[in-house]
Amino acid sequence: MARPKSYNRDEAITKACYAFWEHGYAALGIRAIEDLTGLNKFAIRTEFGGKEGLYLAALTHYHQAAKHTVLAPLKTGGLPAIRDFFTGLISDGSINSSPWGCLMVNTGIENAEIDSAALKETSDAYWTDLHTHFCAALEHTDLPVEDTATGLVNAAMGIHTANRIAGSAHGGRYLVTLIHQMLDQWEAGHASPTH
C-alpha cells in the first residue's frame, strides 16, 4: 500500500520556487530544502527524482505562472503592453518584480557552473516564450520584429540582474527608463498603430 502524502504537491513546488529563487540552486542543501518546503528527503527523491527534479518543477511552475499573468497581455497589447511589462519589473507589489531578480536569469548564471542540460533546456524555454510574446506585441509595428524582441529579452535579463545585485526591486530602474524613452520614440514615429 502506498504511503499517504503528508504534503500538498503544488504548495511544495511553490515553496521550492521561492526557496531556489532567493537562495539559488547550489547553495541549498537537502536539509534546507526540507525546512523551506515541508518536503522530506524521501519525498524529494521519490516524487521529484531528487534536488534537480524539484528545481525543474519549480522552474516550470515559475514559467507557467508568468505565462498566464505578465506575459499574456503582450499577445494583443502592442507597445503599451511592452511598457507595462517593463514597468512591472521595478514596481513594488508587481508579481514580476523582485529583489532576487528573476529565477530564470539566476538559473542561467548558475548553470554556467553546474552545466545541466535539463536546467538549460527549461530556462531557455522561458526566454523563447518571452521572445515569442514580444514578437506578438511588435507585430503591428514597422520595427524589425525578431531583432527588437531579442533586444527586449536581453533588456529584461539586464533589469532582473540589476535588481538582484542591488537587492532591490528598483535596481534596474535606469534601464527601464531607457526602454520607456525608446518606446516613446517608437510610438511617436517609428511604429505604426497597433490596431
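**Entry 1**

I began with Lys-120 and Asp-124, whose side chains meet in a salt bridge at 2.6 Å from N to O. I used the term for a side-chain nitrogen of Lys or Arg within 4 Å of a carboxyl oxygen of Asp or Glu. I noted that the model is predicted, that local features need pLDDT of at least 70, that side-chain atom pairs count only at pLDDT 80 or more, and that totals for chains, interfaces and linings use all residues. I also noted that residues are numbered from 1 along each chain as its sequence is written, and that side-chain values use heavy atoms, with hydrogens and water left out.

Why can these two residues meet? Lys-120 and Asp-124 are four residues apart in helix α7, so about one helical turn separates them. Helices here are DSSP runs (H or I, at least four residues; strands are E, at least two), numbered from the N terminus.

I then looked up accessibility, where buried means under 20% relative accessible area, exposed over 50%, and partly exposed in between (1.4 Å probe, protein chains only). Lys-120 is partly exposed at 47%, and Asp-124 is partly exposed at 31%. I recorded next that salt bridges with shared partners join Arg-83, Asp-184 and Glu-187 into one network.

**Entry 2: salt bridges between helices**

How many salt bridges does a search of the whole structure find? The search finds five.

I examined Arg-9 and Glu-47, whose side chains form a salt bridge with an N to O distance of 2.5 Å. This pair links distant parts of the chain, for Arg-9 lies in helix α1 (residues 9-23) and Glu-47 in helix α3 (residues 41-48), 38 residues apart. Arg-9 is partly exposed, with a relative accessible area of 33%, and Glu-47 is partly exposed at 22%.

I turned next to Asp-129 and Lys-67, a salt bridge in which the closest N and O atoms are 3.8 Å apart. Asp-129 belongs to helix α7 (residues 117-138) and Lys-67 to helix α4 (residues 51-68), so that the pair links parts of the chain 62 residues apart. Is Asp-129 buried or exposed? Asp-129 counts as buried at 12% relative accessibility, while Lys-67 counts as partly exposed at 30%.

**Entry 3: packing of α1 and α2**

Two packed helices are described by the angle between their axes and the distance between the axes. I found that α1 and helix α2 (residues 30-37) pack at about 125 degrees, with axes 9 Å apart. The axes are lines fitted to C-alpha atoms, for helices over the stretch in contact, and angles run from 0 to 180 degrees between N-to-C directions. α1 is therefore oblique to α2, since angles under 35 degrees count as roughly parallel, over 145 as roughly antiparallel, 65 to 115 as roughly perpendicular and the rest as oblique.

Which residues meet here? Ala-12, Lys-15, Ala-16, Ala-19, Phe-20 and His-23 of α1 meet Ile-33, Leu-36 and Thr-37 of α2, contact being heavy atoms within 4.5 Å. By class, this contact has six nonpolar, two polar and one charged residues. Nonpolar covers Ala, Val, Leu, Ile, Met, Phe, Trp, Tyr, Cys and Pro; charged covers Asp, Glu, Lys and Arg; the others, Gly among them, are polar.

**Entry 4: a loop residue**

I looked up Asp-115, which has a positive phi of about 60 degrees although it is not a glycine. Asp-115 sits in the loop between α6 (103-114) and α7, and counts as exposed at 67% relative accessibility.
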